[in-house]
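Trainee: Pick one part of this model and take me through it closely. Keep it connected, and show me how that part sits in the rest.

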Amino acid sequence: MKNLLFVISLFTINAHADRIQSLRFDKSQVQRIYLAPGLGSIVLFPCALEEVFVGRTDDLKVQISPNDKKTLFMNLKLSSSLPTNVIVKCSPDRSIFVFDAIPN
């Protein structure tokens, strides 16, 4: 199943992509998000976020917005951060989205 996912980033997602983009998210695939140290990212989901799991919490900070449960803030903690993954669970249908967060 594909859902619309909106990514707003204050960095380049990759060398050929715009800094703000909308994409169809295939939940059977892992989506890559490229992050730059010191610059934040916002990911807008089609559902209210229930839970977020980060593989390496020493490298990546994520926070569900207190004002909008469909918004996820992401920020690398260190310039030497390593790649990690982020797993997001939504309600009410308990959809799961999986990302690779890659320092760029």
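Mentor: A residue counts as buried when its relative accessible area is under 20%; over 50% is exposed, and partly exposed covers the range in between. Keep those cut-offs at hand. The model is predicted.

Start with the link. The protein chain has one disulfide. Its partners are Cys47 and Cys90, with sulfur atoms 2.2 Å apart. A disulfide is a covalent bond between the sulfur atoms of two cysteines. The torsion about the S-S bond is 55 degrees, and the link of Cys47 and Cys90 is right-handed. Where do Cys47 and Cys90 lie? Cys47 is in the loop between β4 (40-44) and β5, whereas Cys90 belongs to strand β8; the pair therefore ties together parts that are 43 residues apart in sequence. Cys47 is buried, and Cys90 is buried too.

Now move on from Cys90. Strand β8 covers 84-91, strand β9 covers 96-103, and a loop runs between them. Pro92 sits in this loop. The peptide bond that joins Ser91 to Pro92 is cis, with omega at about 5 degrees. Arg94 is in the loop between β8 and β9 as well. Arg94 is not a glycine, yet its phi is positive, at about 60 degrees. Keep the background in mind: most residues other than glycine have a negative phi, and most peptide bonds are trans.

Is Arg94 buried, partly exposed or exposed? Its relative accessibility is 48%, so Arg94 counts as partly exposed. Ser95 lies in the loop between β8 and β9 too. Its relative accessible area is 6%, so Ser95 is buried. Which side chain makes a polar contact with the side chain of Ser95? It is that of Asp93, at 2.9 Å. Set aside neighbours within four places in sequence, and Ser95 is in contact with Lys27, Val88, Lys89 and Cys90. Cys90, one of these contacts of Ser95, brings us back to the disulfide with Cys47.

Next, the sheet around this part. Four strands form an open sheet in the order β3-β9-β8-β5, and the pairing is mixed. The edges are β3 (31-35) and β5 (48-54); each has a single partner strand, so one side of each is left without a neighbour in the sheet. On average, neighbouring strands here are turned by 30 degrees against each other, direction ignored. Strands of a sheet pair through backbone hydrogen bonds, either parallel or antiparallel. The pairing of β3 with β9 is parallel and has five bridges.

Follow the chain past β5. Arg56 lies in the loop between β5 and β6. At a relative accessible area of 35%, Arg56 is partly exposed. Not counting residues up to four places away in sequence, Arg56 touches Leu82, Pro83 and Thr84. The C-alpha atoms of Arg56 and Asn85 are separated by 7.5 Å, although these residues are 29 apart along the chain.

Then comes a hairpin. Six residues connect β6 to β7 in it. Strand β6 (residues 60-64) and strand β7 (residues 71-76) run antiparallel and share five bridges. Ile64 has Leu72 of β7 as its bridge partner. Thr71 is in strand β7. Its relative accessible area is 7%, so Thr71 is buried. Beyond neighbours within four places in sequence, the contacts of Thr71 are Ile42, Val43, Leu44, Leu49, Gln63, Ile64 and Ser65.

Of the 104 residues in the protein chain, 34% are buried. Take the contacts between residues at least 6 apart in sequence: 54% of them join residues at least 24 apart. The accessible surface of the chain is about 6000 Å², and carbon and sulfur atoms account for 52% of it.

Terms used: Residues are numbered from 1 along each chain as its sequence is written. This is a predicted model: local features need pLDDT of at least 70, side-chain atom pairs count only at pLDDT 80 or more; totals for chains, interfaces and linings use all residues. Side-chain values use heavy atoms; hydrogens and water are left out. Buried means under 20% relative accessible area, exposed over 50%, partly exposed in between (1.4 Å probe, protein chains only). Contact means heavy atoms within 4.5 Å. Accessible areas come from the Shrake-Rupley method with a 1.4 Å probe; for residues, only the protein chains shown count as cover. Two strands pair if DSSP finds at least two bridges between them. Helices (H or I, at least four residues) and strands (E, at least two) are DSSP runs, numbered from the N terminus. A polar contact is a pair of N or O atoms within 3.5 Å; within protein, one must be able to donate a hydrogen and the other to accept it, and residues adjacent in sequence count only if both atoms are side-chain atoms. Axes are lines fitted to C-alpha atoms, for helices over the stretch in contact, and angles run from 0 to 180 degrees between N-to-C directions. A disulfide is a pair of cysteine sulfur atoms within 2.5 Å.
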